[in-house]
Amino acid sequence: MKGTTMTQTTTETAAPAEPGGVTAPPLDWAVLINRVANFVPEDDTALVAFMAGETAGVLGYAEALVQTRENCVNEVASTRRQSPASPPTAST
């Protein structure tokens, strides 16, 4: 998101699976879900402001997922280049 920088580090892991094999969301997601579910706007202006904030949050989260992908791709590629156990590539 251009113009906005948010940095947050968490060390929480995913919650254990609930009965039926569905994994519960991490605590920070549970707080978010609760906040959104209990939102009652005072008027249309409050609703529009709420939705604008939620949209910004979703866009920020999407950008974070893109960065996570980049981190994983770069880390895996880096690890494979450094690993002596990697299978040799065929030369032509």
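By the convention used here, buried means under 20% relative accessible area, exposed means over 50%, and partly exposed is in between, with a 1.4 Å probe and protein chains only. Arg-69 forms a salt bridge with Glu-70, and the closest N and O atoms are 2.8 Å apart. The term salt bridge requires a side-chain nitrogen of Lys or Arg within 4 Å of a carboxyl oxygen of Asp or Glu. Glu-70 also counts as partly exposed, because its relative accessibility is 33%.

Before going further, a word on the basis of these values. This is a predicted model, in which local features need pLDDT of at least 70 and side-chain atom pairs count only at pLDDT 80 or more, while totals for chains, interfaces and linings use all residues. Residues are numbered from 1 along each chain as its sequence is written, and side-chain values use heavy atoms, with hydrogens and water left out.

As for confidence, pLDDT is the predictor's own confidence in each residue, from 0 to 100. The chain has an average pLDDT of 80, and 66% of the residues score at least 70. Over residues 4-10, pLDDT stays under 50, and for this stretch the model has one contact beyond four places in sequence. Contact means heavy atoms within 4.5 Å. Where pLDDT is low, the predicted coordinates should not be read in detail.

Let me turn to the overall architecture. The chain contains two helices and zero strands. These elements are DSSP runs, numbered from the N terminus, with helices being H or I of at least four residues and strands being E of at least two. Of the 92 residues of the chain, 4% count as buried. The chain exposes about 8,200 Å², and carbon and sulfur atoms supply 61% of that area. Accessible areas come from the Shrake-Rupley method with a 1.4 Å probe, and for residues only the protein chains shown count as cover.

Next, the surface. Which residues make the nonpolar surface patch of about 510 Å²? They are Trp-29, Leu-32, Ile-33, Val-36, Tyr-61 and Leu-65. The elements giving two or more residues to this patch are helix H1 (27-37) and helix H2 (44-82). H1 provides the largest share, four residues. Patches are made of residues with over 30% relative accessible area and no salt bridge; like charges are joined within 9 Å, and nonpolar side chains (Val, Leu, Ile, Met, Phe, Trp, Tyr) within 5 Å. Ile-33, which lies in helix H1, counts as partly exposed because its relative accessibility is 46%.

I now come to the aromatic residues. Rings of Phe, Tyr and Trp (its six-membered ring) pair if their centres lie within 6.5 Å; planes under 30 degrees apart count as stacked, over 60 as edge-to-face and the rest as tilted. By this rule there are two aromatic pairs. The rings of Trp-29 and Tyr-61 have centres 5.3 Å apart and planes at 85 degrees, so this pair is edge-to-face. Trp-29 lies in helix H1 and Tyr-61 in helix H2, so the pair ties together parts that are 32 residues apart in sequence. Trp-29 counts as partly exposed at 34% relative accessibility, and Tyr-61 counts as partly exposed at 41%.

The other pair is Phe-39 with Phe-50: the ring centres are 3.8 Å apart and the planes are at 5 degrees, so the pair is stacked. Phe-39 lies in the loop between H1 and H2 and Phe-50 in helix H2, so this pair ties together parts that are 11 residues apart in sequence. Is Phe-50 buried or exposed? Phe-50 counts as buried, because its relative accessibility is 13%. Phe-39, with a relative accessible area of 28%, is partly exposed.

Finally, the charged residues. How many salt bridges does a search of the whole structure find? The search finds two. Besides the pair with which I opened, Glu-54 forms a salt bridge with Arg-35, and the closest N and O atoms are 3.0 Å apart. This pair links distant parts of the chain, with Glu-54 in helix H2 and Arg-35 in helix H1, 19 residues apart. Arg-35 counts as partly exposed, because its relative accessibility is 40%. Not counting residues up to four places away in sequence, Arg-35 touches Phe-50 and Glu-54. Leaving aside neighbours within four places in sequence, Glu-54 is in contact with Leu-32, Arg-35 and Val-36. The C-alpha atoms of Glu-54 and Val-36 are separated by 8.9 Å, and these residues are 18 residues apart along the chain.
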